[in-house]
Amino acid sequence: MATDIKAALRRQRIETPSWAFGNSGTRFKVFAQRGVPRDPYEKLADAAQVHRFTGVAPTVALHIPWDKVDDYADLARHARELGIGIGAINSNVFQDDDYMLGSVTNPDPGVRRKALGHLLECVDIMDLTGSDTLKLWFSDGTNYPGQDDIRSRQDRLAEALAAVYDRLGEGQRFLLEYKLFEPAFYATDVPDWGTAYAHCLKLGPKAQVVVDTGHHAPGTNIEFIVAFLLREGRLGGFDFNSRFYADDDLMVGAADPFQLFRIMYEVIRGGGYSERVAFMLDQCHNIEPKVPGQIRSVMNVQEATAKALLVDGDALAKAQAERDVLGANAVFMDAYDTDVRSLLAELRGEDGLDPDPMAAYRRSGYAEKVVAERVGGAQAGWGA
Ligand code: PSV
Ligand code: MN
């Protein structure tokens with residue numbers, strides 16, 4: 001049993017986001033930290049530390065244009081030299097003045113063309129870096145009733161998605177992300193999983209939905225969405241983070257570790273525990289140090305996964321067949337209440353890693369080294 005769980009945990013891959021390593025904050029203030037990367041190369045160096053101490057974070061997602069470089073093949077080479085690879089390419093059609101009234105759903109055909117051009121450029125970057133996943137999130141929507149025609153905006157969205165879909169090469173896919181609101185407050189063009197799913201369904205199997213755990217109304221049963229999308233073969237992956245109120249982007253498993261466990265249970269139950277369901281982090285570390293913030297997040301995902309793997313499937317099926325409501329729930333809770341930290345420490349030890357990644361990182365002196373080295377230049381931040 002423990003051997004099976006360890007084997008499954010060894011197969012897990014968790015992707016870090018390049019933007020987690022830069023300075024970020026709220027609209028009130030960004031607190032700069034010393035030693036923060038100044039370019040995409042330095043962000044990759046930090047991401048490599050997360051992999052070095054956890055052993056399960058071998059890829060980094062890029063965000064374009066935040067990670068714009070002259071030579072993407074060279075950036076991918078640099079990643080390989082650091083022992084990691086390039087993961088999903090995240091498009092950004094939400095920080096240009098032209099997109100004030102939308103990007104691919106903008107009423108102006110010229111703006112729509114520009115936005116589509118960016119999305120296609122992201123596929124070019126996938127070709128150059130060897131990435132197989134494009135992540136699409138649109139801030140598009142309206143603030144006031146009557147501002148634009150809701151239905152026409154869906155037509156424009158469908159047209160752009162079809163053009164991107166047609167451009168995808170062999171083995172490439174796109175993940176469509178939804179978000180309830182923000183920055184549009186009245187009507188968001190991709191507000192929920194149903195809208196994302198419907199667009200993907202029309203296009204074909206290379207179009208899948210990505211579930212950002214911070215993008216739902218309070219109380220939403222996210223694991224239901226996960227179970228549904230997996231059943232339909234359309235769950236492409238996760239943007240993991242925690243929310244207390246809205247899109248807070250706090251560390252995954254910090255606000256509601258039980259929810260994370262329930263999500264991971266449905267992933268495993270639905271057969272989604274494969275490389276194709278991407279476990280990505282989409283977080284910002286505003287007040288905590290960034291590399292350890294990512295290490296902690298990776299460990300939180302691992303702990304939730306280990307607990308979900310511990311659910312006794314036979315006992316659960318028996319209790320469910322006997323209509324034993326409390327018994328079935330107890331099987332779930334037994335797994336969740338198990339302390340898996342020693343199991344994970346043992347696993348790391350067996351794999352030649354330090355059993356305590358947080359302490360090992362602290363001891364490594366990396367944080368002090370980059371503070372000393374990274375002087376001058378502009379630190380990376382959340383912005384283009
Ligand atoms: C939007 O809120 C989002 O979740 C998208 O994934 C963006 O790419 C990311 O945040 C930017 O941090
Ligand atoms: Mn996201």
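This is a predicted model: local features need pLDDT of at least 70, side-chain atom pairs count only at pLDDT 80 or more; totals for chains, interfaces and linings use all residues.
**Largest pocket.** I looked up the volume and got about 940 Å³ for the largest pocket. I then listed the lining of the largest pocket, which has 33 residues. Nearest the centre I found K179, E182, D247, D249 and W382. I sorted the lining by type and noted twelve nonpolar, ten polar and eleven charged residues.

**Second largest pocket.** I noted about 400 Å³ of space here. The second largest pocket is lined by 23 residues, with R13, E15, T59, E275 and A278 closest to its centre. I checked which strands contribute: strand 1 (14–17), strand 3 (85–90) and strand 10 (278–281) each supply at least two lining residues. By type, I wrote down nine nonpolar, seven polar and seven charged residues.

**Cis peptide bonds.** I found a cis bond joining I64 and P65, with omega about 20°. I placed P65 in the loop between strand 2 (59–63) and helix 3 (72–81). I also found a cis bond from E182 to P183, with omega near 5°. P183 sits in the loop between strand 6 (173–177) and strand 7 (187–188).

**Positive phi.** I returned to E182, which is not a glycine but has a positive phi of about 80°. E182 lies in the loop between strand 6 and strand 7. I located R323 in the loop between helix 10 (313–321) and helix 11 (325–336). I recorded R323 as exposed, with a relative accessible area of 68%.

Note on methods:
Residues are numbered from 1 along each chain as its sequence is written. Chains are lettered from A and ligands numbered from 1 in the order in which they are written. Side-chain values use heavy atoms; hydrogens and water are left out. On a 1 Å grid over the protein atoms alone, a cavity is a set of points where a 1.4 Å probe fits but cannot get out, and a pocket is an open set with protein on both sides within 12 Å along at least five of seven lines; lining residues have an atom within 4 Å of a point. Grid points are joined across faces, edges and corners, and a volume is the space filled by probe spheres set on the points. Ala, Val, Leu, Ile, Met, Phe, Trp, Tyr, Cys and Pro count as nonpolar, Asp, Glu, Lys and Arg as charged, and the others, Gly among them, as polar. Helices (H or I, at least four residues) and strands (E, at least two) are DSSP runs, numbered from the N terminus. Buried means under 20% relative accessible area, exposed over 50%, partly exposed in between (1.4 Å probe, protein chains only).
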